[in-house]
Amino acid sequence: MRYTRLLLPTVKEDPSDAEVVSHRLMLRAGLIRQVARGIYDILPLGLRTVRKIEAIVREELDAVGCQEVSLPLLSPAELWRESGRWDAYGPELLRLVDRSGREFCVGPTHEEVMTDLVRGNVRSYRELPLNLYQVNTKFRDEIRPRFGLMRGREFLMKDGYSFHVDEEDCRREYHLMYDTYSRIFTRCGLDFRAVEADTGAIGGSGSHEFQVLAESGEDLILSCDHCDYAANVEKAELAVGEPGLFESSEPTEVSTPGAGSIEDVSAMLSEPAGRFVKTLLYVADDRGVAALVRGDDQLSEAKLKRALGVSELRMADADEVKKMSGAPQGFAGPVGLEIELVVDLRLRGATGMITGANRADLHLSGIDQQRDFPVAEFHDLREAAAGDPCPRCNGGSYQAFRGIEVGQVFYLGSKYSEAMGATYLDTDGNECVMQMGTYGIGITRTMAAAIEQNHDDDGIIWPPAIAPVQVLLLPVKWKDDDTRAASEKLYEQLLAAGVEVILDDRDERAGVKFNDADLLGIPWRVTIGPRGVKQGTVELRERRSGESSDLALDSAAEHIVAAVSEALAR
């Protein structure tokens, strides 16, 4: 393709509204343009990368027996009501009514529609297992879309769903998809890690996220430095650890005027934060609960939600706190509370602790768990952090990384199939509920994540497998007859050899062309100048390493084809 024929509106200055590298560079490099908040046009070079990611996804999925379908963008409300998600999904679900008064949503994901398709067409165990996927546009009405394609409202996603006769076969497919996703992101040239994760709004009983490692990542990932255990911080397990064992005494009221936080009361009483019990009040579905962790620990709401087995969880407001505990916020404690207590494992058997007294400006010291609040459920509720010991091995501890989630696999079990009546007849003619898995990849998000991981101060550095094109031919002086003729000849040779190439046929200053080449991040740049043509040479420069070499003009095409082929074969 010729540069002068490309729709490639590059920009010199950083856009003022771009908060992350990928957003900034995609706008500057002319890969995307904003239509509305969180909604973008994808321009020709950006779309070429999207299509390459799609092609890798399709090749790997088709190779393991998955079948591609195309589902509608709109989903009828009755399907979502069957699954229970019409109300539970939240305001991110864009709802609408057609001219006949029927309710629909713009699909953020397609568990309901795919389950409806299978239940209407599959009846026998002989037709299972079945793994269906699509690559389609999704829409989630994010309250604050940001970071360009990293967290937009409209995005391109691969979503897949598998159906099975039993749990064993469903878990086999789960591991198959885990391995397939690992190959996909490896082929895309990304440094990633698969981590255990919370299932979130999708539901189910098991999940792994595929995280592209990048300093700008929204997610905190913890990985053991001794074994292969890794998890999202919301999911990361913790060893129980020692409880707080301080000198025991009878409960004693302590005046703490205005000290409603652990930091304030710790300073006022000159006691370490680890001696306090942090009592956090929540509304779980429709009931009040108290979650307890040590004062020097942070509560993981994802762990609390899983421990309670609820679909909705939120912190109690000031009025609800007063109603549950009889005290203003900051002074609740477990002693005498008449609501459910869910306690972190590290508080089991703790003695001599300090808690809120359920009265304004008062705390209680000398609190023993077994004596003073024995009726409690114990769970791992703490949010893990770097340096915490790994619970899966002896001697390992967590290291922290930032990650960008680009894919996730879920073991759903019967969450949707049971609710929606997706059944099959077994060998004895009995009707049985199908087991399900679901598997997603953010296609446009993967493109953005690749840039977040692969860039420098000058622009993008594309991994060869997903670069828009492989080679950029850069004639220094396009109007020079010999330079132009040599460039055209090399361009035709590379095209004939199947190499994707852009010929920069602009009559521009060399500096402008070099800057644009670095911004676009094409893996190889071939510089062709009048002096080199006279000497019979061109310069080949690799974008990632910056290494350059002179090639004989008459054999340059052969060397370039070999370099590209070798890189794509890795």
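Conventions first. This is a predicted model, in which local features need pLDDT of at least 70 and side-chain atom pairs count only at pLDDT 80 or more, while totals for chains, interfaces and linings use all residues. Residues are numbered from 1 along each chain as its sequence is written, and side-chain values use heavy atoms, with hydrogens and water left out. Helices (H or I, at least four residues) and strands (E, at least two) are DSSP runs, numbered from the N terminus.

Now the cores. A nonpolar core here is a set of buried Ala, Val, Leu, Ile, Met, Phe, Trp, Tyr and Cys residues joined through side-chain atoms within 4.5 Å. Buried means under 20% relative accessible area, exposed means over 50%, and partly exposed lies in between, with a 1.4 Å probe and protein chains only. The largest nonpolar core has 63 residues, and Leu31, Phe185 and Trp462 have the most contacts inside it. There is also a second, separate core of 25 residues, with Val118, Val122, Leu132 and Met436 among its members. As a general remark, nonpolar side chains in soluble globular proteins tend to be buried together.

What does Leu31 touch, leaving aside its neighbours within four places in sequence? Its contacts, meaning heavy atoms within 4.5 Å, are Met26, Asp41, Ile42, Leu43, Leu45, Gly46, Ile451, Ile460 and Trp462.

Met447 belongs to helix H12, residues 443-453, and is buried at 0% relative accessibility. Not counting residues up to four places away in sequence, Met447 touches Met26, Gly46, Thr49, Val50, Ile53, Leu149 and Trp462. Met447 and Trp462 are 15 residues apart in sequence, and their C-alpha atoms are 9.6 Å apart in space.

Why is H12 described as largely enclosed by the rest of the structure? Because 10 of its 11 residues are buried. The buried set includes Arg445 and Glu452 as well as Ile443, Ala448 and Ile451.

Next, helix H14, residues 510-520. Its buried residues are Val512, Lys513, Asp516, Ala517, Asp518, Leu519 and Leu520. They pack against helix H1 (21-28), H2, and strands S26 (459-460), S27 (471-475), S29 (524-528) and S30 (537-542). After H14 comes Gly521, with a positive phi near 75°.

Then one helix pair. Two packed helices are described by the angle between their axes and the distance between the axes. Helix H2 (residues 44-63) packs with helix H6 (residues 167-187) at about 145°, the axes being 10 Å apart. Axes are lines fitted to C-alpha atoms, for helices over the stretch in contact, and angles run from 0 to 180 degrees between N-to-C directions. On the H2 side the contact involves Ile56, Val57, Glu59, Glu60 and Leu61, and on the H6 side Met177, Thr180, Arg183, Ile184 and Arg187. These divide into five nonpolar, one polar and four charged residues. In that count Ala, Val, Leu, Ile, Met, Phe, Trp, Tyr, Cys and Pro are nonpolar, Asp, Glu, Lys and Arg are charged, and the others, Gly among them, are polar.

On to the sheets. Two strands pair if DSSP finds at least two bridges between them. S18 and S19 (residues 362-367) pair over three bridges, and Thr355 stands opposite Leu364 in S19.

Another open sheet of three strands runs S4-S6-S5, also with antiparallel pairing. S5 and S6 (residues 103-106) pair over three bridges, with Arg95 opposite Cys105 in S6.

Last, backbone details. Leu128 and Pro129 are joined by a cis peptide bond with omega of about 5°, and Pro129 sits in the loop between helix H5 (111-119) and strand S7 (130-139).

Two residues other than glycine have positive phi. Phe147, at about 65°, is in the loop between S7 and strand S8 (154-164) and is buried, with 15% relative accessible area. Ser270, at about 55°, is in the loop between helix H7 (262-269) and strand S14 (277-284) and is exposed, at 65%.
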